[in-house]
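Dear colleague,

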Amino acid sequence: MAVAKLKVKEPRLMTFAAYLERERAAFNRNEIFTRFRMFNDTLSDYILVSQDNQFIDRFVRQDDDTWNLHAYIRLDAVCEIDAIDCKLSLSEVYQ
């Protein structure tokens with residue numbers, strides 16, 4: 001699995017990744033993400049990694065506080081997380 005070298009200039013939560021377990025997938029996707037969006041203005045990325053299927057969903061905060069979804073579903077896809085200078089290869093995550 002890819003390991004990120006964290007380069008933080010000031011203490012803040014920039015990226016949050018959750019492992020989607022069957023029982024908590026909807027809760028992590030909806031409730032937790034809503035809480036982070038409302039109460040953490042430094043969060044730039046919210047990443048969900050599926051347990052059952054081979055996909056990663058990456059939500060990225062825009063300058064106007066909207067969020068864009070980047071869905072990675074192919075095994076040759078690479079999820080790039082600029083805020084922490086990290087690349088997650090689906091083939092490595094799901095090997």
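Predicted model: local features only at pLDDT ≥ 70, side-chain atom pairs only at ≥ 80, totals over all residues.

Residues are numbered from 1 along each chain as its sequence is written, and side-chain values use heavy atoms, with hydrogens and water left out.

The structure holds four salt bridges, a salt bridge being a side-chain nitrogen of Lys or Arg within 4 Å of a carboxyl oxygen of Asp or Glu. One of them joins R58 to D45, with 2.7 Å between the closest N and O atoms. Because R58 lies in strand β3 and D45 in strand β2 (residues 45–50), this pair ties together parts that are 13 residues apart in sequence; strands here are DSSP runs of E with at least two residues, numbered from the N terminus. R58 counts as buried at 8% relative accessibility, and D45 also counts as buried, at 2%, where buried means under 20% relative accessible area, exposed over 50% and partly exposed in between (1.4 Å probe, protein chains only).

Another salt bridge is formed by the side chains of R61 and D65, at 3.1 Å from N to O. R61 is buried, with a relative accessibility of 16%, whereas D65 sits in the loop between β3 (56–61) and β4 (67–72). The phi angle of D65 is near 65°, which is a positive value in a residue other than glycine. A positive phi in a non-glycine residue is also found at D85, where the angle is near 50°, and D85 is placed in the loop between β5 (78–81) and β6 (86–89).

The side chains of R74 and D76 meet in a salt bridge as well, at 2.6 Å from N to O. Here R74 is exposed, with a relative accessible area of 53%, and D76 likewise counts as exposed at 53%.

Lastly, W67 belongs to strand β4 and is buried, with a relative accessible area of 18%. Leaving aside residues up to four places away in sequence, W67 touches F33, R37, L43, S44, D45, Y46, F59, V60 and R61, a contact meaning heavy atoms within 4.5 Å. The C-alpha atoms of W67 and D45 are separated by 9.0 Å, with the two residues 22 apart along the chain.

Best regards

Note on methods
Helix = DSSP H or I, 4+ residues; strand = E, 2+ residues; numbered from the N terminus.
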